[in-house]
Amino acid sequence: EEIELGGYPHYMIKEIMGQPESLRTCFRGRVDTRDGRVVLGGLTGLSRELVRAKRVALIGQGTAFHAGLIGEYLFEDLAKIPARAHYASELRYRNPIIEEGTVVVAVSQSGETADTLAAIAEAKDRGALALGAVNVVGSSIPRETDAGVYLRVGPEIGVASTKAFVGQVAVLTMMALYMGKRRYLSQADLDGYLAELERIPDHVAEIVQQSDHIKEAVEDVVTRDNWLFLGRGYNYPVALEGALKLKEISYIHAEGMPAAEMKHGPIALIDEGMPVVFVATGGSQYSKVISNIEEVKARGGRVLAVADEGDTQIDRYADHVFRVPPVSEPLQPLLTVVPLQLLAYHAAVLRGHDVDKPRNLAKSVTVE
Ligand code: G6P
């Protein structure tokens, strides 16, 4: 086991730190900046179906559902196709509008989640084209779907999913660009995204270097039992994922939500010292997020913010700032989730928990 851990105390931190390499493997041969295209061998022969698709339904559970929520934004933004993320477990029992012309994308690390498998069967019965975005090669979901794209991030051992999440988001980004190119996305825009994608692994390498800094920030708030995670747009699902990571391994109660939603109720929870984590990277909604931060500060909350490198304004409002290189909004989740993974990891270790074996959780849930 010591050899497999490669000097790290836990698989989770090894997998977080290894994300630059996992992403390089995920993108290799697929992000082709020279010819300006996305190459997804698994989708070959499906161009017609993808061009004509009426809608996309993304399905998954847990972390995979959060990746699906980001997919919702990606497919609508980049491929201009109505998209919706569903908990696989819910989709099945609600007579969903899934028919011929619907592309279902099943997102999963293990490829064995029973809820997701059951939803795939239901979607196929209704005439949908079922695709997989799965990590484990040869698992059940790739066998049950019509086609798919593997994450290629390597085996994930830590129970709290980290590199599989960024792999899922990376694959959904490539799928949306692949489909977008066949629909409304211009070559110039595609070229821009490809150039940015190619640099994402290096950016992640830079972010993980802040691990010690993130640990120090966590020490400041780790005794608190209720946290909020807030973000807008593409970073709203990232806030959900940050809260889930913290719950899973540190057993701290955390809630994620769209930043604007705070004032419609949860603001009542904020008191002296309550930790509130903001994903506050640059983009169309930055100034709105800053006002949300001011509301938290006015009530004595402790603000931890993920912000762009070079954003000096944020230092005036946040107690602790974690930096990410600035990228286009659709690509931000690939970076902004990383400080939140480290935050959850350090919180759990500081509280003395076994992060690789969290209580009550299984790596893969094969019952409905
Ligand atoms: C379990 C795991 C979660 C995971 C979810 C979906 O609940 O504990 O970490 O996100 O299943 O798993 P999958 O293998 O389908 O991604």
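Modeller: Phe27 is found in helix H3; helices (H or I, at least four residues) and strands (E, at least two) are DSSP runs, numbered from the N terminus. The model is a predicted one, in which local features need pLDDT of at least 70 and side-chain atom pairs count only at pLDDT 80 or more, while totals for chains, interfaces and linings use all residues. Residue numbers start from 1 along each chain, following the sequence as written.

Phe27 counts as buried because 21 other C-beta atoms lie within 10 Å. The cut-offs are 20 or more other C-beta atoms within 10 Å of a residue's own for buried, 12 or fewer for exposed, and partly exposed in between, with C-beta atoms placed from the backbone. Apart from neighbours within four places in sequence, Phe27 is in contact with Ala170 and Leu197. Contact here means that the C-beta atoms of two residues, placed from the backbone, lie within 7 Å. Ala307, by comparison, is 280 residues from Phe27 in sequence, and their C-alpha atoms are 25 Å apart in space.

The axes of H3 (residues 19-27) and helix H9 (residues 163-181) come within 10 Å and cross at roughly 30°. H3 is therefore roughly parallel to H9. Axes are lines fitted to C-alpha atoms, for helices over the stretch in contact, and angles run from 0 to 180 degrees between N-to-C directions. Angles under 35 degrees count as roughly parallel, over 145 as roughly antiparallel, 65 to 115 as roughly perpendicular and the rest as oblique. The crossing of H3 past H9 is right-handed; that is the name if the near helix is turned clockwise from the far one by less than a right angle, and left-handed is the name if anticlockwise.

From H3, the residues that meet H9 are Gln19, Ser22, Leu23, Cys26 and Phe27. Their partners in H9 are Lys163, Val166, Gly167, Ala170 and Val171. By class, this contact of H3 with H9 has six nonpolar, three polar and one charged residues. Ala, Val, Leu, Ile, Met, Phe, Trp, Tyr, Cys and Pro count as nonpolar, Asp, Glu, Lys and Arg as charged, and the others, Gly among them, as polar.

The loop between strand E7 (147-150) and H9 holds Arg152. Arg152 is not a glycine, yet its phi is positive, at about 55°. Arg152 is partly exposed because it has 19 C-beta neighbours inside 10 Å.

Helix H10 (residues 187-208) packs with helix H14 (residues 333-350) at an angle of about 20°, and their axes are 10 Å apart. H10 is therefore roughly parallel to H14. The crossing of H10 past H14 is right-handed. Ile200, His203, Val204, Ile207 and Val208 of H10 make the contact with Leu334, Leu335, Val338 and Pro339 of H14. This contact of H10 with H14 divides into eight nonpolar, one polar and no charged residues.

In the segment after H14 is Asn360. Asn360 also is not a glycine but has a positive phi, of about 70°. With 6 other C-beta atoms within 10 Å, Asn360 is exposed.
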